[in-house]
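Trainee: Could you walk me through this model before I set anything up with it?

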Amino acid sequence: TRNGRIGSTPIRALLKAAKAAFFFIMFYVYILYSAKLNRYYTGSCESIVARLQRHNLGTVTPTRSGKPWELKYFEDYHTRQEALNRELQIKKMKSRAYFEKLISQRGID
């Protein structure tokens, strides 16, 4: 680097852009539904599309027998820890009625 530049871009501008990009990384809590099993599954991830694909390919052991899974609900968070905390909160409810209430309030259908 010369004079705080990389090529023609000031390092400060690169750091600012990297910091802005950081805030676009989101983490998700999701609820899936299997019509085959008539069951819901809750999880968290960084990419809902990729995670749903893994569930439906059968590479996620707990959901393998319920393929195909449908995404019914999700919430987004800025940090992985926030998403994990919310996932645990939802799972502790152990209530189909709670899942269905969340879905009916803000579901994806």
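Predicted model: local features only at pLDDT ≥ 70, side-chain atom pairs only at ≥ 80, totals over all residues.

Trainee: Okay, how many helices and strands does the chain have, and what pattern do they follow along the sequence?

Mentor: The secondary structure comes to four helices and five strands, and read along the sequence these are arranged as β-β-α-β-β-α-β-α-α.

Trainee: And what share of the residues is buried?

Mentor: Of the 109 residues, 31% count as buried. As for the surface, the chain exposes about 7700 Å², of which carbon and sulfur atoms supply 56%.

Trainee: Let's do the strands, then. In which sense do β3 and β4 pair?

Mentor: Strand β3, residues 27–34, pairs with β4 in the antiparallel sense, over seven bridges, and within that pairing V29 stands opposite S44 of β4. The two strands form a hairpin with four residues between them, while β4 itself, residues 39–45, is mostly covered, with six of its seven residues buried.

Trainee: Switching topic, which residues make up the largest nonpolar core?

Mentor: The largest nonpolar core has 12 residues, namely F27, V29, I31, Y33, Y40, Y73, Y77, A83, I90, F99, L102 and I103. The elements giving two or more residues to this core are β3, β5, α3 and α4, and β3 gives the most, with four. Apart from this core lies another, of eight residues, including Y28, L32, I48 and W69.

Trainee: What is F99 in contact with, leaving aside its neighbours in sequence?

Mentor: Once neighbours within four places in sequence are left aside, F99 is in contact with I31, Y40, T42 and I90.

Trainee: And which residues of α4 are buried?

Mentor: The buried residues of α4 are F99, L102 and I103. Seen down the axis of α4, these buried residues fall within an arc of 95 degrees, so they line one face of the helix. They pack against β3, β4, β5 and α3, whereas A97, S104 and Q105, on the other side of α4, are exposed.

Trainee: Last topic, charges. How many salt bridges does the count come to?

Mentor: The count comes to five salt bridges. One of them joins the side chains of E75 and R86, at 2.9 Å from N to O. E75 lies in strand β5 and R86 in helix α3, so the pair ties together parts that are 11 residues apart in sequence.

Trainee: Are those two buried or exposed?

Mentor: E75 counts as buried, at 6% relative accessibility, and R86 counts as buried as well, at 12%.

Trainee: Which residue does K91 form a salt bridge with?

Mentor: K91 forms a salt bridge with E87, the closest N and O atoms being 2.8 Å apart. Both residues lie in helix α3, four residues apart, which is about one turn of the helix. In accessibility, K91 is partly exposed at 35%, while E87 is buried at 10%.

Trainee: What does E70 meet in a salt bridge?

Mentor: The side chain of E70 meets that of K72, at 3.5 Å from N to O. E70 counts as partly exposed, at 36% relative accessibility, whereas K72 counts as buried, at 13%.

Note on methods:
Residues numbered from 1 in each chain as written. Heavy atoms only, no water. Buried < 20%, exposed > 50% of the residue type's maximum accessible area, 1.4 Å probe, protein only. Pairing = 2+ DSSP bridges. Areas by Shrake-Rupley, 256 points an atom, 1.4 Å probe, with all protein chains shown as cover. Core = buried A, V, L, I, M, F, W, Y, C linked by side-chain atoms within 4.5 Å. Contact = heavy atoms within 4.5 Å. Arc of directions from axis to C-beta. Salt bridge = Lys/Arg side-chain N within 4 Å of Asp/Glu carboxyl O.
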